[in-house]
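Hi there,

Here is the structure I promised to pass on.

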Amino acid sequence: MTSRVLCRVSRLLEQAAETGPVLGLDTSNQIASLAVVARGRVAGQVAHPVTSHGASLPGVVDELLSSAGFKIRDLAAIAVGIGPGSFTGLRIGLSYAKGLAMASGCAVVGVPGFDAMALAAQELAGQSDITDIPIGRLLAVVVDARKNEVYATLYRVVADGLEKLTEDLVITLEHLASLITEDVTFIGDSTAKDAAALVSRKGHRAAVFETGTLDMRGVSVAAIGAARFARGEMDRVASLEPLYIRAPEATFKPNLKSPAGIGTEGVWSIERKNSFGNI
C-alpha cells in the first residue's frame, strides 16, 4: 500500500515563497479550475462549468493572468492536473500545458488531480465553521469513472496535511465500500453520496464534503506545482502523460486476470507512469 504525506496548501505556498508566477489548471471534469500563485500567495483563481475545454481554455488563461497582473512570458512554471478524470479533458489540459511550456520556455509540473482535490477539501474545511475534517479521519476522493465504476483514492488526515494511503483506483462502489471499516469523509462528484450511503449501511459514519472542492482544485494544483518547482522537481514535457488509470477505450484490451491486493478491480498502477516525489 502506498504511504505518502502531502503538505497542506498553506505550507506548500510557504515553500514557494521565492518562486515567481505559477499557473495551475485542471480540466479533468466539467468544471475548469485555474489559479495563479506567486511569491507564496494566491494571485488569482477562476472556476466555471464548460462545454468545451479546448475552446475556452486559452481565453480563460489570458483573462486570469491579466487580472493577476501577469503575462504568459512571466510564468516560471505551469502546473497541470493529470488525472484521473475525463480522458478528453485530461488530453486537452495536458496538451495546452505542454504547448504553453514549449512556447514560453517555462517549466511544466504534472500534479495528480485527486491529491489536489483532497488538499482543497482540507483547506476549505479549515476555513469553515460548518464542515470539519478532524485529524485521524479517513478521507476518500470518489469520482464517476462510468462502466459502473468509480475512480477513488484514500487518504488519512494528519496534523500538517494528508497521508496518501492508496494509489488511484478504478473500482466498483460496492468494492470500495467493503474496503472502508471506519468513519469516513467523502469528496468528489455525485458518486460520493452513493458511496457514503453504502458505508453508512455498515454502521459507520460517512460524511460528504460538498463545499467547492471541484472549484478549488486549481489553487491546490498551482501550490503543489510551485512547491515542486522551488525544489527543482520539474517534469519533462515529452514524457509527461495523463494518469488514465483505465486505458482509453480506443486502446483498451481487457485483462482477465485480476492481481491480488487492495482495490484490484481493473486497477492500473501509477507506478508505471511518472514518479512523483513527496509534496
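Below are my notes on what was found, grouped by region.

First, some housekeeping. This is a predicted model, in which local features need pLDDT of at least 70 and side-chain atom pairs count only at pLDDT 80 or more, while totals for chains, interfaces and linings use all residues. Residues are numbered from 1 along each chain as its sequence is written, and side-chain values use heavy atoms, with hydrogens and water left out.

Let me start with strand β8, residues 149–158. Helices (H or I, at least four residues) and strands (E, at least two) are DSSP runs, numbered from the N terminus. Eight of the ten residues of β8 are buried, so the strand is largely enclosed by the rest of the structure. Buried here means under 20% relative accessible area, with exposed being over 50% and partly exposed in between (1.4 Å probe, protein chains only).

β8 has several pairing partners; two strands pair if DSSP finds at least two bridges between them.

- With strand β7 (residues 138–146), β8 pairs in the antiparallel sense over eight bridges. Val-143 stands opposite Tyr-151 in β8. The hairpin of β7 and β8 has two residues between the strands, and Lys-147 takes a positive phi near 55° there.
- With strand β10 (residues 169–171), the pairing is antiparallel over three bridges. Here Val-170 in β10 is the bridge partner of Tyr-151.
- With strand β9 (residues 161–164), the pairing is antiparallel over four bridges. Arg-156 stands opposite Glu-163 in β9, and a hairpin of two residues joins β8 to β9.

Next, Asp-26, which sits in strand β2 (residues 22–26). Is Asp-26 buried or exposed? Asp-26 is buried, with a relative accessible area of 0%. Its side chain is joined to that of Ser-28 by a polar contact of 2.6 Å. (A polar contact is a pair of N or O atoms within 3.5 Å; within protein, one must be able to donate a hydrogen and the other to accept it, and residues adjacent in sequence count only if both atoms are side-chain atoms.) Leaving aside residues up to four places away in sequence, Asp-26 touches Ile-31, Ala-32, Ser-33, Gly-81, Gly-113, Arg-217 and Val-221, where contact means heavy atoms within 4.5 Å.

Arg-217 and Val-221 are among the buried residues of α7. Helix α7 (residues 217–230) has 14 residues and reaches 20 Å from its first C-alpha to its last, close to the 20 Å expected at 1.5 Å a residue; the expected span is 1.5 Å times one less than the number of residues. Twelve of the 14 residues in α7 are buried, leaving the helix mostly covered. After α7 comes Gly-232, with a positive phi near 80°.

On aromatics, the count comes to one pair. Phe-87 and Tyr-244 form that pair, edge-to-face, at 5.0 Å centre to centre and 80° between the planes. Phe-87 lies in helix α3 (residues 87–104) and Tyr-244 in the segment after α7, so the pair ties together parts that are 157 residues apart in sequence. Rings of Phe, Tyr and Trp (its six-membered ring) pair if their centres lie within 6.5 Å; planes under 30 degrees apart count as stacked, over 60 as edge-to-face and the rest as tilted. Phe-87 counts as buried at 18% relative accessibility, and Tyr-244 does at 14%.

Finally, the cysteines. How many disulfides does a search of the whole structure find? It finds zero, a disulfide being a pair of cysteine sulfur atoms within 2.5 Å. Cys-7 is buried at 16% relative accessible area, and Cys-106 is buried at 8%.

Best wishes
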